[in-house]
Structure formats: C-alpha cells, structure tokens
Amino acid sequence: MHVELPASFEAFSEARRNGFLKAKAVKEHGGRIAGTFCTFTPNEVFDAAGIHTVSLCGTSEETIPAAESDLPKNLCPLIKSSYGFALTDKCPYTYFSDLIVGETTCDGKKKMYELLGRLKRVYVMQLPQNADHPQALALWTEEIRALIQRLRSEFGAAVSDEDLRQACKHRNRQRRARVALMELQKQTPPPAFFKDLYKVLDSLNFSFDQESSTQAVEAMTQKLQREYDEGARPVSAAHKRILITGCPITGVLEKTVGTIESNGGVVVCMENCGGIKPARHMVDPQAEDIVQAIAERYLEIGCAVMSPNRRRMEMIRQLVEEFQPEGIVDVILQACHPYSVERFEMRALAKEMGIPYLPVETDFSSADAGQLTTRLSAFIEML
Amino acid sequence: MRSVGIDIGSSGTKYVVMEDQALLYHRTIPTGFSSVKAAQQAKEDMEARGYDMALLPCISTGYGRGSVPYAAKTLTEITCHGRGAAYLMQKETFSVIDIGGQDTKVIRMEGGSVKEFTMNDKCAAGTGRFLEVMASAMELEPEALCRIAKRGGNVHISSMCTTFAESEVISLIGQGVSRQDIACGIVESIVNKVASQCGMVESGGSYYLTGGLCECPYIAEMLSRALGAQVETGPMARYAGAVGAALYAREL
C-alpha cells in the first residue's frame with residue numbers, strides 16, 4: 001500500500017518525523033488507525049476489529065494560532081490544539097487516521113468535531129450526559145453496536161462477541177497494569193515522582209503493539225517496587241503528598257505536576273483522565289451481553305461532562321482514603337466550563353474531608369508559569 | 001538573634017533587618033529591570049549600615065526571590081506576607097489583602113498560619129499595575145490619585161481590562177469629567193475587584209492591607225466599606241513580606 005507523507009515532513013523535528021515514519025509503516029503493512037480523543041472511546045471494539053487506536057489529544061500550543069483562524073480564542077486549549085494539529089498536518093496520528101472517533105462530551109469538543117469533519121473523516125458517538133438516567137445504558141449500548149456496524153461497513157471488519165471478549169481481557173489487564181503502577185504511590189514515601197510515571201502511562205496511548213506495551217508497564221511496576229524494597233528512596237519523606245484532579249493534563253504536565261514536584265511536593269495520585277479515573281473499572285468478559293458490559297464500564301467514568309457527576313466525588317473520597325494526600329490541586333484548563341463549575345463541589349468536598357484545596361486555571365502557554373509556580377509553591381509551603 | 005528578609009517585588013524591593021521581635025532597619029528601593037542588581041544593591045546598603053551579610057541568616061521572597069545569592073532559602077510571598085502581617089498586626093486569625101505590583105493576593109490566616117489563599121489570574125485588574133497605568137494616564141502619582149479620589153464620585157469605570165480601562169479613562173478626560181471623579185471611579189474599580197476576590201476565601205475577623213497601596217488610606221477605607229469589615233493598614237505594611245522572611249530566617 002502506498003502511503004504519502006505530508007508536504008512539510010522534512011521541516012519537522014526528529015521525534016515528530018519518527019512518529020510519522022512509525023505510523024506510515026503501520027499503514028504500509030495494511031494496518032488501520034483510528035484516532036481518538038477521549039477515555040469514553042470503547043477501545044475494545046477497535047481492538048476486536050483489528051484497528052489500532054491512538055490518542056489525538058493536542059497537548060501543545062504550537063498549533064493553537066492556526067486553530068484560532070477557525071475557532072474562538074476563548075476556548076479550551078486542548079480542543080484548539082487538537083484541531084490545529086489536524087489543520088496543519090503536524091500530528092502523524094491525525095494525519096494517518098483512517099477514522100477519527102469522537103463523542104458528544106463537552107460542548108467545545110462537540111462543536112469542534114463538526115469543523116473537524118470538514119478536514120477528516122469523523123465519526124461522533126452520542127454519549128449520554130447522565131450515566132444514571134434510565135435510558136443512558138440502552139443508548140450507549142446501541143451507540144457501541146452502531147460503531148461496530150460502522151467499522152464493518154467502512155472497513156469490512158467483522159467483530160464477533162468472542163473477539164470482544166478477548167479484547168476486554170487484554171484491556172482489563174492493561175487497566176490493571178496502569179492502576180498497579182499508580183498504586184505504588186500509596187507508599188510513604190512514594191517510590192517515584194509522578195511526572196516519570198506519567199510518561200510510562202501516556203506511552204500506552206501511542207502504542208501500535210498494545211500487548212508488549214502492557215508488559216512494559218508491568219515490568220516497570222515490578223522494577224520500581226523491587227528497587228524500593230531494596231532501599232531506593234528517590235523521593236524523600238519530606239515531600240508533601242498531593243492529589244491532582246480536574247481536566248486532562250498532558251499539555252500542562254510540566255507546569256503543574258513538574259512544578260509541584262520540583263517545589264517540595266510529590267503527586268501521589270492523579271485522578272484525571274490520564275490517571276486513575278478511567279482505569280479502575282473493568283469489563284466482565286463472561287457477561288451475557290458483552291456489548292452492554294462494555295457500555296456499562298465506560299459509563300462509570302466520572303467526567304465532568306456528566307450531569308450530575310457523583311462518580312467523580314465518590315472516587316475522590318475513595319482515593320483520599322487510599323493515597324492519604326495532604327493537599328488537593330484541581331487543574332482546570334482555560335474555558336473548561338464543566339470542570340470550572342465543579343470546582344464549587346470539589347472545594348466543598350475538600351473542606352468536608354479537611355484537606356487543603358487549590359484550584360488553578362491554566363492553558364498551554366508559558367505566560368502564567370511564574371504565577372503558577374508561586375501559587376503551587378505557596379500551597380506546598382502551607383501544608 | 002538577628003536575621004534579614006528581602007522581598008523582591010515586580011515594582012519595589014523591600015528589605016529588613018530584625019533582632020528578635022524588633023525591627024532594626026528597613027528600606028525600599030525600586031526593583032528596576034534586574035532583580036539581581038536590586039538584590040546586590042540591597043546587600044551593599046545593609047553592609048554599609050554595618051550589618052555583616054555573611055553572618056546574618058537571610059530568606060528571600062517575592063517574584064525575584066530566586067535572584068538573591070546570599071539568601072539561604074526562598075519562600076513564596078504568600079507564606080511570608082501571612083507571617084509578616086501577623087507580626088505587624090499582632091493577630092493570629094484574620095485575612096491579608098496584598099495588592100502587589102503585578103498581582104493581588106488574599107490570604108486567610110488562622111492560628112498564625114496560612115489556611116487558604118487566592119491570587120488574581122493572568123490579568124492586571126485589581127492590582128497595583130492597574131492603578132499605576134490609570135494614574136499615568138491622568139498624569140498623577142498613584143498616591144495622589146487615591147488622595148483626590150476621596151473628593152470624587154459618580155463615575156463608573158466598567159472595563160476590567162487595563163488596556164480598555166485606560167481608553168475609558170482617556171475618553172472621560174476628553175469629556176471634561178473632573179479628575180477627582182475619574183480617580184474615584186478608578187479606586188472603586190480596584191476595590192470591587194479585590195472585594196470579590198476576598199469572597200473566594202473564608203472570611204471572619206478583620207483584614208490587613210499590605211503592599212504598595214498601604215499608604216493610600218482611602219483604599220483601605222473603601223475596602224472596609226465594600227467588605228463590611230475593618231481593614232487596617234499602615235506605612236510598615238509594605239514590609240510584611242520582608243518581615244515574614246526575616247522571621248522565618250531566624251528558624252534556619
């Protein structure tokens with residue numbers, strides 16, 4: 001199969017060129033790629049159909065100026081960045097995606113998908129907005145069945161129940177591997193800085209060999225624990241234990257987690273999408289209706305697009321008990337209405353639990369790096 | 001025991017020498033373009049006054065806190081303003097309003113330590129910079145603007161953005177509105193913004209206004225009215241950060 005690189009390929013950095021070459025090789029070997037944006041995307045369906053999934057969430061400000069020619073300035077940086085990468089052909093995975101799958105999550109994303117549909121082949125799933133609504137599970141189950149149909153009609157990919165059960169088993173194992181790595185941080189002091197763990201977790205979102213990537217995470221967990229048991233203490237007990245919650249964080253990782261961890265803190269738990277929130281719920285691979293079982297699992301994700309969103313608060317309560325944080329930092333991306341409104345409830349919950357709480361609003365630029373450092377350092381000093 | 005605290009703000013560099021509970025020396029110099037130079041200048045000044053900087057423990061704070069090679073440690077201005085204000089006010093439970101050159105902070109103090117705080121987001125509204133820009137549009141010093149504001153009224157500045165507010169002020173000048181009325185509108189704008197920020201942290205008890213506007217009693221008066229609580233301040237309030245740093249330096 002002949003696959004073309006984008007016109008500006010030669011101008012890219014080496015890392016980006018490698019990403020393009022990796023994705024190109026997948027395509028040349030007949031592989032298909034589905035680009036995804038969100039933890040609500042049922043990966044099992046793509047696995048079962050033999051289609052690679054890769055995360056397209058934009059995480060850098062590089063493409064935001066380009067995106068702002070079509071999108072308003074006062075919009076979530078993740079949404080603008082993602083759209084900008086599609087517009088400028090700078091993301092290998094967006095460029096090589098055979099299909100981009102989105103869900104009706106937040107308003108910004110929904111409306112961005114409409115515009116993205118002009119540039120790329122986009123398929124949007126209707127995600128219910130209240131997971132506890134009596135019709136929610138039926139709707140989401142039907143949406144997953146419709147996705148299976150779409151993959152069949154578009155790519156001739158036949159998905160059997162048995163394929164789905166196998167995919168669920170592997171994804172369960174991968175989720176357990178993620179959780180086990182993050183749960184190392186329950187120890188006092190924790191065995192690692194979260195910034196380093198995050199890189200390992202995030203690499204799973206860009207892997208074309210899920211099986212070996214999962215094994216790599218499992219091996220990393222064992223290695224860290226072994227070294228810790230042998231006495232390695234890369235994080236001192238003086239570091240203040242922080243729980244992070246809020247928006248997807250990859251694009252501001254250095255500014256938030258990095259800043260906390262270089263100013264006397266250590267992130268012991270990350271509740272956000274890239275962290276524990278989407279990883280704790282499993283699918284029963286023996287369930288009678290496997291599609292419905294998958295649907296049920298995804299509706300357990302406590303994202304602020306749900307209204308109401310009791311699952312997030314319940315999970316935070318649980319995580320506080322397990323990870324014993326000394327402070328909670330709520331990271332809100334600029335113009336994210338769902339998470340910025342939930343700040344009210346988070347603040348009340350933190351107060352009730354007697355844990356200091358700091359909400360910070362930021363974007364992908366470095367303009368507020370100094371202020372953010374002061375804010376986060378002062379918070380750690382106060383603990 | 002003697003110690004030194006230095007607070008390098010975006011606009012002024014404040015430093016103090018303390019001996020136990022007593023303030024021996026304090027001074028403010030402009031930070032200027034380079035916080036490294038301001039730190040050096042402060043050191044030379046203290047040495048000229050006979051303080052041996054090689055022996056005295058020192059903590060630096062403020063946005064230029066990383067530019068002080070002779071400081072043993074840095075702490076954020078939030079921690080230091082809280083401690084310094086508690087010392088200056090002789091209280092343990094109260095709130096600090098620090099209107100700084102580039103940001104405004106509200107710090108809730110309970111039992112002598114920081115309980116909670118807020119900082120304005122990437123925006124100059126409600127900060128010292130806002131007042132400086134408006135004062136310069138009216139060809140006044142910030143202190144003078146606050147003074148004449150007391151005699152004005154009936155003008156409302158609606159723009160929160162400093163750039164737009166400046167054009168609003170210029171157009172008011174063009175319309176022949178009196179300076180004191182415009183000044184009053186400017187002060188009201190800052191006070192309203194700061195008061196709404198105060199609403200974001202727990203309240204109760206009195207407030208202490210620190211930062212460069214501590215010598216504008218009218219700001220404290222208006223804040224007091226907006227908050228329905230007592231707002232104290234004084235000429236030493238601009239040193240709250242440096243005093244807090246010096247008090248922490250004693251514990252090094």
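This is a predicted model: local features need pLDDT of at least 70, side-chain atom pairs count only at pLDDT 80 or more; totals for chains, interfaces and linings use all residues.
Gln40(B) sits in helix H1 (residues 35-48) of chain B; helices here are DSSP runs (H or I) of at least four residues and strands are DSSP runs (E) of at least two, numbered from the N terminus. With a relative accessible area of 36%, Gln40(B) is partly exposed. On this scale, buried means under 20% relative accessible area, exposed means over 50%, and partly exposed is what falls in between (1.4 Å probe, protein chains only). Gln40(B) and Pro69(B) are 29 residues apart in sequence, and their C-alpha atoms are 8.8 Å apart in space.

Residues are numbered from 1 along each chain as its sequence is written, chains are lettered from A and ligands numbered from 1 in the order in which they are written, and side-chain values use heavy atoms, with hydrogens and water left out.

Next come the charged pairs. Side chains of opposite charge can pair when their charged atoms come close. Arg171(A) is buried at 5% relative accessible area, whereas Asp47(A), at 25%, counts as partly exposed.

Arg311(A) makes a salt bridge with Glu300(A), with the closest N and O atoms 3.3 Å apart. Arg311(A) belongs to helix H13 (residues 310-323) of chain A and Glu300(A) to the loop between helix H12 (290-299) and H13, so this pair ties together parts eleven residues apart in sequence. Here Arg311(A) is buried, with 14% relative accessible area, and Glu300(A) is partly exposed, with 31%.

Glu352(A) and Arg317(A) also meet in a salt bridge, at 2.9 Å from N to O. Since Glu352(A) is in helix H14 (residues 337-353) of chain A and Arg317(A) is in helix H13 of chain A, the pair ties together parts that are 35 residues apart in sequence. Glu352(A) is exposed at 55%, and Arg317(A) is partly exposed at 40%. Elsewhere, salt bridges that share partners join Asp132(A), Glu300(A), Arg310(A), Arg311(A) and Glu314(A) into one network.

As for how the chains meet, 16 residues of chain A are in contact (heavy atoms within 4.5 Å) with 18 residues of chain B. About 1,400 Å² is buried between chain A and chain B, and carbon and sulfur atoms give 52% of that area; buried area is the accessible area (1.4 Å probe) that two parts lose on being put together, summed over both. Two salt bridges are counted between chain A and chain B. A salt bridge also pairs Glu202(B) with Lys351(A), at 3.6 Å from N to O.

Note on methods
A salt bridge is a side-chain nitrogen of Lys or Arg within 4 Å of a carboxyl oxygen of Asp or Glu.
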